Amino acid sequence: MYDMHGETVHYDTETNRLMLIDQTLLPNKTEILALYQKEDMHRAIKILQVRGAPAIGVAAAIGLSVLANESKETEKEKFLAEFEANAAYLKTARPTAVNLFWAIDEMCKTLNAYRAQSVEEIKTALTEKALAMHKEDAEVCHKIGEYGAALLEDGDAVLTHCNAGRLATVKYGTALAPVYVAKEEGKNVSVYADETRPLLQGARLTAYELTEAGIQTTVLCDNMASYLMAHKKLKAVFVGCDRVAANGDTANKIGTSGVAILAKHYGVPFYVCAPFSTIDRNTPTGKEIPIEQRDGEELRSMWYRDAMIPETAETLNPAFDVTPHELITGFITEKGILQPPFAE
């Protein structure tokens, strides 16, 4: 099997391929995808073969570099037009994760900065930019982990929702980075992982990567969080996010807002772990964040031998919800911990 160097997203510059762990097959099968066609990249983002805002962003950046290097266009204007068309196309893969748009825009800025250079020089610049973004993501996540680990002591337990570990980033993750760094520091921290319906990212992915790392992990159904908070001593809730509005309202995997409400009731600190690139200053509040509506078949039949919902019953399947800023204790970022008032 291809060596991913402990990473979820990797750029194989020797073969010019975007390398991904296919997360739709976890935890029972580990398969590495080697992508070089735009349709496969778009599909990988759309159907969650790669998921998690930072990982999606880095994958898109590497994908654009791969496509540029694969291009047969030698006439500069045609090459530039092809790149911009590819960028626009990949932006349509998913609507909510701001890192996707941020990363693509960063690649477009690089393209424009080298617009006067030759096609080969532009390709080189795009490759270097994609590699830099890949490296930066791992460094940013480790810094998030350092700040978050400072909040944890030996023996603490935390709750997380969805998967914001290494599988959601290049390495370390966001919400789980404090747990990984705490382990590096010799602290024994355990994790309760919400199952996270309907796609079960907590059960399939969070539990998979944490147990692989030797971290004590307990999986619970989403409707059990209240029981846990009432009967178990949690140090904090750590979650990731896909977009943060300018006022601090945060979009994350569906069910996160319910966990935040419960945490507020039980007095459990609720932290959002995210890089600064996830903050969208152009979106004033959570009301303006677009919420992806997914196929109802994820509810009807995805995990069952037979359909679990009558054909005549309708489904509602939003991928995200918005947690109001007043429920958030703080944002753990690579620059430190942001505390209210977030708009400032």
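**Definitions applied to a model**

Visitor: Which residues of helix α9 (residues 256-266) are buried?

Guide: They are T256, S257, V259, A260 and A263; buried means under 20% relative accessible area, exposed over 50% and partly exposed in between, with a 1.4 Å probe and protein chains only. The model is predicted: local features need pLDDT of at least 70, side-chain atom pairs count only at pLDDT 80 or more, and totals for chains, interfaces and linings use all residues. Residues are numbered from 1 along each chain as its sequence is written, and side-chain values use heavy atoms, with hydrogens and water left out.

Visitor: What makes α1 roughly antiparallel to α2?

Guide: The axes of helix α1 (residues 38-46) and helix α2 (residues 53-70) come within 10 Å and cross at roughly 175°. Angles under 35 degrees count as roughly parallel, over 145 as roughly antiparallel, 65 to 115 as roughly perpendicular and the rest as oblique; the crossing therefore makes the two helices roughly antiparallel. K38, M41 and I45 of α1 make the contact with I56, G63, V66 and L67 of α2, where contact means heavy atoms within 4.5 Å.

Visitor: Why are β11 and β12 said to stand at the edges of their sheet?

Guide: The open sheet has four strands in the order β11-β8-β9-β12, with mixed pairing. β11 (279-280) and β12 (320-323) each have a single partner strand, so one side of each is left without a neighbour in the sheet.

Visitor: What makes β8 and β9 a pair?

Guide: Two strands pair if DSSP finds at least two bridges between them. Two bridges join β8 (residues 243-245) to β9 (residues 250-253), and these strands run antiparallel. R243 stands opposite A251 in β9.

Visitor: Why is L25 called partly exposed?

Guide: Its relative accessibility is 28%, and L25 therefore counts as partly exposed. L25 is placed in the loop between β2 (17-21) and β3 (32-35). P27 is also in the loop between β2 and β3, and the peptide bond from L26 to P27 is cis, with omega near 5°.

Visitor: How is H5 classed by its accessibility?

Guide: H5 has 44% relative accessibility and therefore counts as partly exposed. H5 is not a glycine, yet its phi is positive, about 60°.

Key:
Axes fitted to C-alpha atoms, helices over the stretch in contact; angles between N-to-C directions.
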